[in-house]
Amino acid sequence: MRLRGHHLFCSALYGGAGYSQAFCRRMEELLARAKAGEYMELVNGPDDLCAACPHRMLDGGCALGTENVGDRDWNALAVLGLSPGRRVTWAETRPLLAGVTEETFARVCRDCRWAKEGLCSAQLLREKLQA
């Protein structure tokens with residue numbers, strides 16, 4: 001499966017909220033496949049989760065105007081020491097995500113609507129990864 005950088009954070013933090021029922025079903029499907037050991041190819045752009053987003057435009061952009069999503073992808077990969085094109089497993093990403101600090105979380109997620117709504121944080125990320 002193909003997964004963009006910042007979706008590594010979203011996947012680890014996922015708690016059932018999303019843009020639509022179809023989007024949530026797709027997130028749950030991809031997360032189950034990842035946790036079962038399927039490799040994730042990291043990309044910096046639309047991925048297999050974006051395909052189910054009701055806000056995705058034909059050109060791959062976002063109708064919500066999240067122009068900084070590419071920055072979040074690059075920052076997420078940089079914070080985790082990863083790069084586009086790399087293939088990783090969920091098991092390989094867990095310890096990387098567990099090492100995220102408040103500062104590095106903010107670098108990736110400070111402009112994200114879900115973080116602004118209080119649905120995710122560095123502390124919640126650590127808690128979810130310990131469960």
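1. How much accessible surface does the protein chain have, and what share of it belongs to carbon and sulfur atoms? The accessible surface comes to about 6,900 Å², and 50% of it belongs to carbon and sulfur atoms; areas of this kind come from the Shrake-Rupley method with a 1.4 Å probe, and for residues only the protein chains shown count as cover.

2. This is a predicted model, in which local features need pLDDT of at least 70 and side-chain atom pairs count only at pLDDT 80 or more, while totals for chains, interfaces and linings use all residues. Residues are numbered from 1 along each chain as its sequence is written, and side-chain values use heavy atoms, with hydrogens and water left out.

3. The protein chain holds 7 helices and 3 strands, and from the N terminus on they follow the order β-α-α-β-α-β-α-α-α-α. The radius of gyration is 13 Å, close to the 14 Å that the globule rule gives for 131 residues, so the protein chain is as compact as a globular protein of that length. Here helices (H or I, at least four residues) and strands (E, at least two) are DSSP runs, numbered from the N terminus, and the radius is taken over C-alpha atoms, with the globule rule being 2.2 Å times the number of residues to the power 0.38.

4. Of the 131 residues in the protein chain, 39% are buried, that is, under 20% relative accessible area with a 1.4 Å probe, protein chains only. Among contacts (heavy atoms within 4.5 Å) between residues at least 6 apart in sequence, 75% join residues at least 24 apart.

5. The 3 strands form an open sheet in the order β1-β2-β3 with mixed pairing, where two strands pair if DSSP finds at least two bridges between them. The edge strands, each pairing on one side only, are β1 (2-4) and β3 (87-88).

6. Strand β2 (residues 40-43) runs parallel to β1 and is joined to β1 by 3 bridges; L3 has L42 as its bridge partner, and R4 has V43. Between β2 and β3 the pairing is antiparallel, over 2 bridges, and M40 stands opposite V88 in β3.

7. Where does A52 lie? A52 is placed in the loop between β2 and α3 (69-80), and, not counting residues up to four places away in sequence, A52 touches S20, A22, F23 and R26. A52 and R26 are 26 residues apart in sequence, yet their C-alpha atoms are 6.5 Å apart in space.

Definitions and conventions. Buried means under 20% relative accessible area, exposed over 50%, partly exposed in between (1.4 Å probe, protein chains only).
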